[in-house]
Amino acid sequence: MKNILVTGGCGFIGANFIRYMLEESNFSGRIINMDKLTYAGNPDNLAGIEAAYPDRYVFVHADICDSDAVFKVFREYSIDAVCHFAAETHVDRSILGPQDFIQTNVMGTFILLEAARNHHNQLELFHHVSTDEVYGTLGMEGFFTETTPYQPSSPYSASKAASDHLVRAYAITYGLPITLSNCSNNYGPYQFPEKLIPLMVMNALEGKPLPVYGVGKNVRDWLYVRDHCSAVWAIMSRGKRGETYNIGGRCEKANIEVVEMICDLLDRIRPDAGNACRRDLVTFVKDRPGHDLRYAIDCSKLEKELGWRPEESFETGIKKTIEWYLDNPDWVERVRSGAYMEWIERQYG
Ligand code: NAD
Ligand code: TYD
């Protein structure tokens, strides 16, 4: 793989992946980052990368739904692998307005697949990045495996499920060399503060209410973002073509547990000026419609076949994450001054 097209590389995971690939992995080729720069795409996430890697990094500002632009990139940069992150990703937004999710996640993936099919002879791999949310919800027992039937609950997860099916169909019908990964909830640096962990960190620092949906007992399986990046690269470089791999941290936590850990860590690292206890900010709010109770990933296929292991525990990962947000107030200020604030205002008043 010499020229990898990364879509959505200015988003949370995409930016961490590009940094991982250029700064840490054994990849020695070039990354072409195609991003539309929606509210969630932030060029700041890759600050310094263009200057540090002028021959190995290219940014293309384009929409994956723009077929001419996508076909042009495949030709112009001799793309031989794709790592497809670009998507609309926030479940609550998908409930309020699903259209962009169908457009980008379904149509955008279709257009990328068409370009890949057209470019078939040169393409070594199309890697599709997906989510464990396609499997729907678990009760308090059991785990998602690669053969768990799809049962998506939200417009977001339904759109990701549709894109997964399209990717597999292109492999079966046209022989496209694909791999696919379904990962659990990520956290870490550069995550847009609409998702649970960065939202709670920001609000807690400002003494604002911490809105916990329902009774806070929903369980997510958390993975530090760098561990997701190393798993994606392990699959791309060593995974069996045509296969799906689940990625997870074996780290289940109820939402209320996560929020209380954040409160306690912040009280220790950055005590409130008036010595207030951040746990007092927890506010139970109306539950999300169709809120999946529990996600938990069985990632033994990835562990056994590719020898992948996460490096961070939740305790080390959450500390690093909080410290990153504390150390990067300028980044926080900039992302919060834009569309995000309008959204939060509409949501929470
Ligand atoms: P994100 O919302 O932070 O970033 C998405 C990026 O895609 C942004 O840079 C945005 O500008 C770009 N984008 C959106 N629409 C586009 C379009 N039409 N054309 C080009 N670029 C476009 O998302 P994320 O959290 O980094 O997630 C990345 C991928 O990983 C997604 O496919 C998501 O489904 C998957 N995933 C995320 C998680 C998680 O916990 N965040 C877990 C598992 C899987
Ligand atoms: P989120 O970060 O939106 O990820 P996802 O919905 O993809 O799992 O939410 C993680 C969990 O936290 C989920 O169970 C919903 C819950 N949640 C809250 O309780 N309050 C919030 O303000 C947010 C954003 C999420």
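This is a predicted model: local features need pLDDT of at least 70, side-chain atom pairs count only at pLDDT 80 or more; totals for chains, interfaces and linings use all residues.
In which hand does α7 pass α9? The crossing of α7 past α9 is right-handed.

Helix α7 spans residues 196–205, and helix α9 spans residues 255–269. Their axes come within 10 Å and cross at roughly 40 degrees. Angles from 65 to 115 degrees count as roughly perpendicular, and those under 35 as roughly parallel. The two helices, α7 and α9, are therefore oblique to each other.

Helix α8 covers residues 225–238 and packs against α1 at an angle of about 65 degrees. The axes of α1 and α8 lie 9 Å apart. This pair, α1 and α8, is therefore roughly perpendicular. The crossing of α1 and α8 is right-handed.

At least two shell residues come from each of α1 (12–23), β5 (125–131) and α6 (155–174). Strand β5 gives the largest share, with 3 residues. In total, 28 residues lie around ligand 1. Those that come nearest are Ile-13, Asp-35, Thr-89, Tyr-156 and Lys-160. By class, the shell holds 13 nonpolar, 11 polar and 4 charged residues.

Polar backbone atoms approach ligand 1 at several points. One such atom, in Gly-11, is 2.9 Å from an oxygen atom of ligand 1. A polar backbone atom of Asn-186 is likewise 2.9 Å from a ligand 1 oxygen. At Ile-64, a backbone N or O atom lies 3.0 Å from a nitrogen atom of ligand 1. Taken alone, ligand 1 exposes 840 Å², and the protein buries 97% of that area.

Helix α7 returns in the shell around ligand 2. Both α7 and β8 (210–213) supply at least two residues of that shell. Ligand 2 is surrounded by 19 residues. The closest are Glu-133, Pro-211, Arg-220, Arg-288 and His-291. The shell around ligand 2 comprises 9 nonpolar, 5 polar and 5 charged residues.

Contacts to oxygen atoms of ligand 2 involve both side chain and backbone. Glu-133 places a polar side-chain atom 2.5 Å from an oxygen of ligand 2. Leu-196 has a polar backbone atom 2.9 Å from a ligand 2 oxygen. For Tyr-213, a polar backbone atom is also 2.9 Å from an oxygen of ligand 2. On its own, ligand 2 has 510 Å² of accessible area, of which the protein covers 97%.

Key:
Residues are numbered from 1 along each chain as its sequence is written. Chains are lettered from A and ligands numbered from 1 in the order in which they are written. Side-chain values use heavy atoms; hydrogens and water are left out. A residue is near a molecule or strand if one of its heavy atoms lies within 4 Å of it. A polar contact is a pair of N or O atoms within 3.5 Å; within protein, one must be able to donate a hydrogen and the other to accept it, and residues adjacent in sequence count only if both atoms are side-chain atoms. Accessible areas come from the Shrake-Rupley method with a 1.4 Å probe; for residues, only the protein chains shown count as cover. Helices (H or I, at least four residues) and strands (E, at least two) are DSSP runs, numbered from the N terminus. Ala, Val, Leu, Ile, Met, Phe, Trp, Tyr, Cys and Pro count as nonpolar, Asp, Glu, Lys and Arg as charged, and the others, Gly among them, as polar. Axes are lines fitted to C-alpha atoms, for helices over the stretch in contact, and angles run from 0 to 180 degrees between N-to-C directions. Angles under 35 degrees count as roughly parallel, over 145 as roughly antiparallel, 65 to 115 as roughly perpendicular and the rest as oblique. A crossing is left-handed if the near helix is turned anticlockwise from the far one by less than a right angle, and right-handed if clockwise.
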